Amino acid sequence: MKSIYTRSGILLGLAITVAVFCFILPSAKVSNETGVVLNLPAEIPGLKSELIEMSAKEREWLPDTTRYIKRTYYPEGAQPSGFHSVNVSLIVSGGDERSLHRPSVCMDGQGWSIPSKTVRTLEVDGKQVEIMDLYLKRVSNGQMIEAHYYFFWVGRGISTPSYAKMKGISLWDNFSKNVNHRWAYPGVFLYVNPGAEDPQGNAWARAQHVLKHTIPHFHKGFGAEEEG
């Protein structure tokens with residue numbers, strides 16, 4: 001019985017301590033600086049693009065303060081859909097970095113399963129960036145469809161493929177610097193072409209081509225600058 005009272009006292013003390021800290025610490029301010037520019041080029045070598053509006057479901061998932069741009073890239077003469085297209089999105093958090101969630105949440109909501117996750121390293125203009133590769137599968141009309149979603153998190157002066165690391169940085173800077181980061185995450189979605197000689201390798205090669213030519217346009221760490 002004594003041990004129960006002791007444990008209860010410890011828990012009560014911890015709860016009071018947390019409450020005191022929440023009361024005395026000021027609300028963390030939001031940083032107005034981001035690590036990205038909300039920009040995707042209209043054309044890249046071998047591909048043209050079309051702007052895509054945010055879907056109703058995306059508007060439902062994301063707060064009003066979230067900034068967003070999305071383009072679909074496709075070869076000249078092809079349709080902006082299907083195996084040859086590559087969708088690129090750039091989402092920037094608004095007043096609260098909690099407005100951004102794991103991309104896997106969206107994929108689960110769209111009926112995709114995620115058999116594997118792989119961290120890939122991409123070299124762009126002599127610099128390296130780590131990118132999370134979600135391998136996706138789902139059944140549609142009796143057929144198995146495969147796809148990949150490549151993404152990474154971008155803060156001011158930092159990039160990471162890890163959601164846990166992004167949250168850890170946010171927590172530390174919130175506590176130590178009284179700042180909430182305005183995180184962004186670029187994402188690339190494409191379907192696996194089953195007719196390709198190496199379907200999975202072909203998917204990553206297409207993603208690399210698009211990322212290498214779009215990252216310098218939006219990532220400040222790779223030279224992107226605000227207009228004006």
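Predicted model: local features only at pLDDT ≥ 70, side-chain atom pairs only at ≥ 80, totals over all residues.
Student: How many residues does helix H5 have, and where does H5 bend?
Tutor: Helices (H or I, at least four residues) and strands (E, at least two) are DSSP runs, numbered from the N terminus. H5 (residues 199-218) has 20 residues. A bend is the angle between axes fitted to the seven residues ending at a residue and the seven starting there. H5 bends by about 30° at Lys212, with Pro216 following within four residues.

Student: Is strand E12 mostly covered or exposed, and which strands pair with E12?
Tutor: Buried means under 20% relative accessible area, exposed over 50%, partly exposed in between (1.4 Å probe, protein chains only). In E12 (residues 184-191), seven of the eight residues are buried. Strands pair if DSSP finds at least two bridges between them. E12 pairs antiparallel with E5 (residues 86-92) over six bridges, and five bridges join E12 to E8 (residues 143-151), also antiparallel. Val88 has Val188 as its bridge partner, while Phe151 stands opposite Gly187.

Student: Where is Ser85, and what does Ser85 touch?
Tutor: Ser85 sits in the loop between E4 (67-75) and E5, and is buried at 7% relative accessible area. Contact means heavy atoms within 4.5 Å. Not counting residues up to four places away in sequence, Ser85 touches residues including Leu190 and Arg206; Arg206 is also one of the buried residues of H5.

Technical notes
Residues numbered from 1 in each chain as written. Heavy atoms only, no water. Expected span 1.5 Å × (residues − 1).
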